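Hello,

Here is the structure I promised to pass on to you.

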Amino acid sequence: MARPAAAYEAAVPARPACTYTSCYCEENVWKLCDYIRSQDRYPLEEFYAVFISNDRRMVSQWDVIGRPWRGSSLQSAAQSRFTYNLQIPLWKQKSGHGDEPVVWDYHVILLHVSSGEQNFIYDLDTVLPFPCPFDVYSMEAFRLDDSLRPEFHRKIRMIRADLYLKTFASDRSHMKDANGKWQKPPPPYPCIETADSKMNLDDFISMNPNVGWGSVFPLPDFVHRFGRQTDYSYSLEEQ
């Protein structure tokens, strides 16, 4: 019998003890992967870095369902990311207000494809539990693309954690303005780089399946594949 969700043991420390820098979600997830690699609790290959974005990277001063934007969520997201245009809505984010979505240019979370009854999401920017059962996160934070204007429909790029640790690099230049000033304070540790690259963040944010690493899905396909009703016997192609 599959173990119940209540028996699930988190793969990382409690949220306050995790390495975290606001608006550097790609590095926060890299640090989670690095911690999991250093422990023996779960196989690293059960975890995936999940980039949420889309093909258009655009938004106007109208919200995602066609009403004038109310509140400061849109402004907060705009201030937190300088280079990229806003594009994807997520609910239940710490920077949100009430039940209004936060519209990001991209966001990164961690997926645990568990051997138990269901899968789990680790999102250091959500007000939902940490970790959060996949179906709860999907219903509360993703919600449905059907209710959104087409330009806000979301896509997923998922990269196996071991591959993400080997390939991701960021010099954090996307967080500087034209004068070289930080839009948001950077993490206190050195930039993450590889032998081949100092900056390849765009390759992970891109939803072009011919670019970068991992596998790209429309959000509904991702939810269907990893929701509780799914047969997990399929295998993802490592790219």
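The open sheet has 6 strands, in the order β6-β5-β4-β1-β7-β8, and their pairing is antiparallel. Please keep in mind that this is a predicted model. At the edges of the sheet stand β6 (132-133) and β8 (215-218). Each of these two has a single partner strand, so one side of each is left without a neighbour in the sheet.

β4 and β5 are antiparallel and share 3 bridges; Leu111 stands opposite Ile121 in β5. Between β1 and β7 the antiparallel pairing runs over 6 bridges, and Ser53 has Lys155 of β7 as its bridge partner. β7 and β8 also pair in the antiparallel sense, over 4 bridges. There Lys155 turns up again, with Pro218 in β8 as its bridge partner.

Helix α6 (residues 219-226) packs on this sheet and touches β1, β4, β7 (155-160) and β8. The direction of α6 makes about 105° with that of β8.

Along the sequence they follow the pattern α-β-α-β-β-β-β-β-α-β-α-α-β-α. Of the 239 residues in the chain, 49% are buried. Among contacts with a separation of 6 or more, 72% are between residues 24 or more positions apart.

What does the largest nonpolar core look like, and which residues have the most contacts inside it? This core has 34 residues, and those with the most contacts inside it are Val12, Leu32, Phe47, Phe51, Leu110, Tyr122 and Tyr164. At least two residues each come from α1 (25-38), β1 (47-53), β4 (107-112), β5 (120-122), α4 (161-167) and α5 (201-205). The largest share, 6 residues, is supplied by α1. Apart from this core lies another one, of 22 residues, including Tyr48, Leu90, Ala141 and Ile156. As background, nonpolar side chains in soluble globular proteins tend to be buried together.

Leaving aside neighbours within four places in sequence, Tyr164 is in contact with Glu26, Val29, Trp30, Cys33, Ala49, Phe51, Ile159 and Phe204. Tyr164 also belongs to a cluster in which ring pairs link Phe51, Tyr106, Tyr164, Phe168, Phe204 and Trp213.

The structure holds 16 aromatic pairs. One of them joins Tyr42 and Phe47 edge-to-face, at 6.0 Å centre to centre and with 65° between the planes. Tyr42 counts as buried because its relative accessibility is 12%, under the 20% cut-off. Phe47 is buried too, with a relative accessible area of 0%. Tyr137 and Phe142 form an edge-to-face pair as well, 5.1 Å centre to centre and with 85° between the planes. Tyr137 is buried at a relative accessible area of 0%, and the value for Phe142, also buried, is 0%.

Charges sit over rings in two places I can point you to. The charged end of Lys31 sits over the ring of Tyr189, 4.2 Å from the ring centre. Lys176 lies over the face of Trp182, at 4.7 Å from the centre of the ring.

Finally, a few backbone details that may matter when you look at torsions:

- Phe130 and Pro131 are joined by a cis peptide bond, with omega about 0°; Pro131 lies in the loop between β5 and β6.
- Arg143 is not a glycine, yet has a positive phi of about 55°. Arg143 is in the loop between α3 (134-142) and β7 and is partly exposed, at 25% relative accessibility.
- Arg172 has a positive phi of about 70°, again without being a glycine. The place of Arg172 is the loop between α4 and α5, and at 4% relative accessibility Arg172 is buried.

Asp202 and Ser170 are 32 residues apart in sequence, and their C-alpha atoms are 9.5 Å apart in space.

How values were computed
Residues are numbered from 1 along each chain as its sequence is written. This is a predicted model: local features need pLDDT of at least 70, side-chain atom pairs count only at pLDDT 80 or more; totals for chains, interfaces and linings use all residues. Side-chain values use heavy atoms; hydrogens and water are left out. A nonpolar core is a set of buried Ala, Val, Leu, Ile, Met, Phe, Trp, Tyr and Cys residues joined through side-chain atoms within 4.5 Å. Buried means under 20% relative accessible area, exposed over 50%, partly exposed in between (1.4 Å probe, protein chains only). Contact means heavy atoms within 4.5 Å. Rings of Phe, Tyr and Trp (its six-membered ring) pair if their centres lie within 6.5 Å; planes under 30 degrees apart count as stacked, over 60 as edge-to-face and the rest as tilted. A charge sits over a ring if NZ of Lys or CZ of Arg is within 6 Å of the ring centre and within 35 degrees of the ring normal. Two strands pair if DSSP finds at least two bridges between them. Axes are lines fitted to C-alpha atoms, for helices over the stretch in contact, and angles run from 0 to 180 degrees between N-to-C directions.
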